[in-house]
Amino acid sequence: HRHPANNAYISKICARLGDEYVHSGDIAKAEAAYAESYEIRLSINGPDHLRVARSLHGLAICRVRQATTHTTKRKALLRQAKRSLEEVLRIQILAGERCAPADLATTYHDLGIVLSKLGTVAHHNEALAYFQKALSIRIDTFGSRENLLVAETIREIGKYFLFFSPADTNVAAAAA
């Protein structure tokens, strides 16, 4: 049986390995590392802890990446990613000020990405709202000039307006 302090360290290493595997493109290994980190963190911290959210976020990113290569499972993987990111967002909101604004903005942004990939107008409208929240937080956190995260979110908002007619965007504006 592992010592609890060792488990916390192992979960941190697993999460970092997951990050490295995602960056190198080895999504299967990333998923395994994030899953191990998630299970350990869940057993140590319970379901409402930010560390659990971080591992769950990594698993969601794996699902999004898998959706680009597994076309037959694409929608199911994206729906899994959406559910995971919604749970991450719930934990982050519950954590309040203990959650770094940059992490919250990333979750909003990633939810927007997943929803835009799901493809319906309703999903795109919801995605726009998440992108707008991410942009607001990122501007407050990083400033509006020369920041790649701000630019990335502006690009996603621009794609929304590029692909939808003014009538579709009026629906989104009315919902906001």
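Trainee: How many disulfides does a search of the whole structure find?

Mentor: In general, a disulfide is a covalent bond between the sulfur atoms of two cysteines. In this model, which is predicted, a search of the whole structure finds 0 disulfides. Cys14 is in no disulfide, and the nearest cysteine sulfur, that of Cys62, is 13 Å away, whereas a disulfide would need the two sulfur atoms within 2.5 Å.

Trainee: Is Cys14 buried or exposed, and is Cys62 buried or exposed?

Mentor: Buried means under 20% relative accessible area, so Cys14, with a value of 11%, is buried, and Cys62, at 0% relative accessibility, counts as buried too.

Trainee: Turning to helix H7, what should its 16 residues span?

Mentor: At 1.5 Å a residue, H7, which covers residues 148–163, should span 22 Å, and this agrees with its end C-alpha atoms, which are 22 Å apart.

Trainee: Which residues of H7 are buried, and why do they line one face of the helix?

Mentor: The general idea is that an α-helix has 3.6 residues a turn, so residues three or four places apart point the same way. In H7, the buried residues are Val150, Thr153, Glu156, Ile157 and Tyr160. Viewed down the axis of H7, these buried residues fall within an arc of 125 degrees, and therefore they line one face of the helix. The face turned away from that buried side carries the exposed residues Leu148, Leu162 and Phe163.

Notes: Residues are numbered from 1 along each chain as its sequence is written. This is a predicted model: local features need pLDDT of at least 70, side-chain atom pairs count only at pLDDT 80 or more; totals for chains, interfaces and linings use all residues. Side-chain values use heavy atoms; hydrogens and water are left out. Helices (H or I, at least four residues) and strands (E, at least two) are DSSP runs, numbered from the N terminus. The expected span of a helix is 1.5 Å times one less than its number of residues. Buried means under 20% relative accessible area, exposed over 50%, partly exposed in between (1.4 Å probe, protein chains only). The arc is that of the directions from the helix axis to the C-beta atoms.
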